[in-house]
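Have the structure open as you read.

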Number of protein chains: 2
Amino acid sequence: KIVALIHDKLSDQHMYKLKNKKILITAGPTREHVDPVRFFTNHSSGKMGYAIAEKAAQWGADVTLISGPVSLSAPENVEIVRVDTAEEMRIAVFERYREADVVIKSAAVADYRPSVQYDEKMKKQEGPMKMEFERTIDILKSLGEEKDHQVLVGFAAETQDVEYHAIKKLQSKNADIIVANNIKQEGAGFSGDTNIVTFYHRDGTKKALTLLSKEKVAEELLEEILPLVNREGQGQDVL
Amino acid sequence: KIVALIHDKLSDQHMYKLKNKKILITAGPTREHVDPVRFFTNHSSGKMGYAIAEKAAQWGADVTLISGPVSLSAPENVEIVRVDTAEEMRIAVFERYREADVVIKSAAVADYRPSVQYDEKMKKQEGPMKMEFERTIDILKSLGEEKDHQVLVGFAAETQDVEYHAIKKLQSKNADIIVANNIKQEGAGFSGDTNIVTFYHRDGTKKALTLLSKEKVAEELLEEILPLVNREGQGQDVL
């Protein structure tokens with residue numbers, strides 16, 4: 001009973017931590033189509049982004065989750081916007097960027113898409129084939145360039161030189177935090193329910209977490225974000 | 001009560017239709033990997049193949065379902081073998097081909113795979129990129145070449161000139177039946193629960209079905225297969 005009361009009390013505290021904050025979260029993969037049958041995609045399950053969205057909503061935030069195609073149901077009290085391609089995701093994010101206090105880009109957006117998309121199913125030929133790809137617009141970079149008051153959080157899912165890539169991404173994208181993980185590490189992959197991440201901040205500090213559930217990682221990330229949302233000149237709706 | 005009895009009676013009849021027949025069914029898409037994050041795939045949901053497997057098992061067949069990555073649970077009384085790439089599917093099929101009475105290839109197997117698969121995540125570059133692809137081995141064609149007693153059923157999911165492609169496939173793959181559909185037609189797509197198919201036979205006959213549930217299409221297909229399994233020189237275990 002006392003434990004329950006304390007738990008309620010703690011939940012109550014959390015409930016106000018992000019009250020009135022508008023948080024935009026992206027999750028899942030994108031699909032880049034070759035023709036009506038074939039497409040390019042990636043292993044992102046969306047679980048990390050969905051866990052963050054759920055937790056942020058529990059903390060009282062006004063959450064919009066822009067989700068690529070995943071087989072997860074929408075978290076409670078979260079506005080969900082479903083998109084398919086990198087370009088659809090970019091448009092959905094920018095439509096909501098101005099008014100956002102925090103943007104957390106956990107989606108694994110395709111870097112490349114086929115230069116030509118065919119309306120009819122491509123018939124196969126004998127022998128090898130060369131396909132041309134063009135770069136999609138880098139959403140995190142564009143957000144960094146147009147940032148004014150927003151706290152911008154990016155992800156770096158790497159297979160090697162994780163710290164190098166994370167710090168480079170922090171700078172080149174003008175992000176406030178990069179959440180980095182080595183997807184080759186046991187328990188840190190895309191489809192699992194756990195993650196092993198390190199937070200890299202603009203001021204050069206970092207915080208490495210051990211293996212945790214994605215729910216717990218979500219909570220830790222929101223704790224990292226809190227002081228940034230509430231710093232002077234940010235988060236106009238501070239309690 | 002009488003209706004229930006008749007229903008039981010009918011079910012009993014079905015229960016022996018494919019008794020002692022070994023049926024091999026493939027379903028779902030394959031994934032062809034570029035690196036640990038990115039891959040090529042297609043829109044196949046696996047629903048058609050899973051429906052056929054379920055129905056064949058109800059009709060008493062000894063069913064093995066070789067399935068690409070889908071979010072469906074295994075039908076009852078079906079042995080399921082999960083594979084990822086076209087090459088894994090090819091190996092799984094050929095390991096079981098000799099002893100099969102019927103092979104139904106409803107999987108949407110990739111025609112092409114990237115010529116190189118990277119062990120580490122490929123870093124993006126500025127500007128467009130060309131990627132080289134090589135042909136995967138054509139499983140249906142290989143099965144047709146090595147066919148002796150088996151009834152071989154292929155699928156043709158097309159967006160145009162459906163009949164032309166179906167008949168061409170029937171001949172070039174040495175198949176006994178091609179199940180063809182136009183995936184651009186409303187109700188005949190990959191991810192829905194219905195389909196609109198036409199069966200093309202080696203003897204030049206065809207049978208066009210209207211819009212039906214995938215369960216019903218599965219039943220109709222098995223009815224088409226029955227006389228072929230039981231024809232002279234085939235289906236050694238005829239009741």
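How many residues does the contact take from chain A and from chain B? The contact (heavy atoms within 4.5 Å) takes 40 residues from chain A and 40 residues from chain B.

## About the model

This is a predicted model, in which local features need pLDDT of at least 70 and side-chain atom pairs count only at pLDDT 80 or more, while totals for chains, interfaces and linings use all residues. Residues are numbered from 1 along each chain as its sequence is written, chains are lettered from A and ligands numbered from 1 in the order in which they are written, and side-chain values use heavy atoms, with hydrogens and water left out.

## Symmetry

Chain A superposes on chain B by a rotation of 180° with 0.0 Å of shift along its axis, at an RMSD of 0.0 Å (least squares on the C-alpha atoms of residues with pLDDT of at least 70 in both). That is the relation of a two-fold axis. In chain A, A:Phe40 has the C-alpha nearest the axis, 2.3 Å from it.

## The interface

Twelve salt bridges (a side-chain nitrogen of Lys or Arg within 4 Å of a carboxyl oxygen of Asp or Glu) are found across the interface of chain A and chain B. A:Asp138 forms a salt bridge with B:Lys124, with the closest N and O atoms 3.8 Å apart.

Turning to chain A, helix H3 (residues 86–94) has the buried residues A:Ala86, A:Met89, A:Ala92 and A:Val93; buried means under 20% relative accessible area with a 1.4 Å probe, protein chains only, and helices are DSSP runs (H or I) of at least four residues, numbered from the N terminus. Seen down the axis of H3(A), these buried residues fall within an arc of 125° (from the directions of the C-beta atoms from the helix axis), so they line one face of the helix.

Key:
Buried means under 20% relative accessible area, exposed over 50%, partly exposed in between (1.4 Å probe, protein chains only). Helices (H or I, at least four residues) and strands (E, at least two) are DSSP runs, numbered from the N terminus.
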